[in-house]
Amino acid sequence: MKKLLAIMLAVVVVFCFAACGENAANNYAANNTEYFIGGTGPLTGDASSYGISVQNGAKLAVEKINANGGLNGVNFKFDIKDDQAAADKASTAYDQLFEAGMQISFGSVTSGSCEAFAAKAASDNLFFMTPSASADICIAEPNAFRVCFGDPDQGILAAQELTANFTKIGAIYDESDTYSSGIYEAFDAKMKELNVEYTTKTFNAENKLDFSTQVEALKDCDVIFLPIYYTEAGLIAKAAVAKGCDAVLFGCDGLDGVAGQIDETVTNTIKYITPFDVNSADANVAEFVSAYEAAYGVKPDQFAADGYDVVMAIYEAMKAAGVNDVTIDPDTLCETVKATITADTFSYNGVTGAMTWDASGAATKVPVIIELNK
């Protein structure tokens, strides 16, 4: 009898755990009263400019959506966790957000963090659209999308632009960084295809404070390609002054923020690829810039615009898909939004341009090359 009771008790316990697990899976967002958009980004550390800008732009979008009645009368809430641009922190933050009821996401801000975030999101089939993680690996899974340009796109465009306008070309990239090396590899492949020779110098995470050696080697170049982040770009610009290097410094979207790293002593022309022109006369851009300045006291950069667009694009896709259940689980929401956003009938006209998506997760949009107004 004791053995029988023990067996029956064990069966009941197993059944209860199974039922609880099933309940948790099926009613993941049952307590949600708002649609929950979450993600991670560097709010502290060297790359914090990116994360704070994305946070500010995304918050502005959520406030606008909610002020206009949300989605069928239901508001959105937004939460960004600080990952310090570190993959392990992004992974931990994903777990925290998911347990808190995140239903859809903007992924992570930087590529290295987003790769870790994407691995978690893929296992849960949670839809995310990153504002700025440009490495191809970040959108390798069917649930992953982005609004920014991909690394290969920027590398190819840079090669075409530089070979059309300059003769002696140099490049400096971070061989330890996913973003930097990804763009450089596409640039290098295109330069070989164009049969144009150029000189490359590298650095890594352990050696990124003094660029005098790299700049000295490239000081006679007409242009130096910098597929890197703004912090290192600022140091390179100052090294160029010290070495008497007058080369044009040409980068990608990671250079947005470099203005805050230099002063009037830097005389080099600085240009970079971006999807966002803060001085655009476009009505959508002008309205966004005005609202951003009113909220934060400064003009928005490209990452703020990306953060704004990613939330608005998610909202527009959910609205077009007819989502009308605040307790919808991430898996169902992912499949619903994915089908809508990749349809030929869907497009989004944002402050970083008009864009469409296909099953690859990449956004099709037109880039802008701007010159930094120092």
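**Ground rules.** I am working with a predicted model, in which local features need pLDDT of at least 70, side-chain atom pairs count only at pLDDT 80 or more, and totals for chains, interfaces and linings use all residues. Residues are numbered from 1 along each chain as its sequence is written, and side-chain values use heavy atoms, with hydrogens and water left out. I take helices (H or I, at least four residues) and strands (E, at least two) as DSSP runs, numbered from the N terminus.

**Strand 1.** I started with residues 35-41 and asked how many residues of strand 1 are buried. Seven of the seven are, so strand 1 is largely enclosed by the rest of the structure; buried means under 20% relative accessible area with a 1.4 Å probe, protein chains only. I then sorted the directions: Y35, I37, G39 and G41 point one way, while F36, G38 and T40 point the other.

I count two strands as paired if DSSP finds at least two bridges between them. Strand 1 runs parallel to strand 2 (residues 76-82) over seven bridges, with F76 as the bridge partner of Y35. Strand 3 (residues 104-108) also pairs with strand 1 in the parallel sense, over four bridges, and there G107 stands opposite G39.

**Helix 6.** Next I looked at residues 178-193, which are 16 residues reaching 23 Å from first C-alpha to last, close to the 22 Å expected at 1.5 Å a residue (1.5 Å times one less than the number of residues). Its buried residues include Y179, I183, F187 and M191. Among the elements covering the buried residues are helix 4 (111-124) and strand 7 (199-203). Just after helix 6, I noted a positive phi of about 60° at N195.

**T130.** I found T130 in strand 4 (residues 128-130). It counts as buried because its relative accessibility is 0%. Contact here means heavy atoms within 4.5 Å, and beyond four places in sequence T130 touches residues including F106, C114 and V310.

**L126.** Where does L126 sit? I traced L126 to the loop between helix 4 and strand 4, and at 0% relative accessibility L126 counts as buried.

Methods:
Buried < 20%, exposed > 50% of the residue type's maximum accessible area, 1.4 Å probe, protein only.
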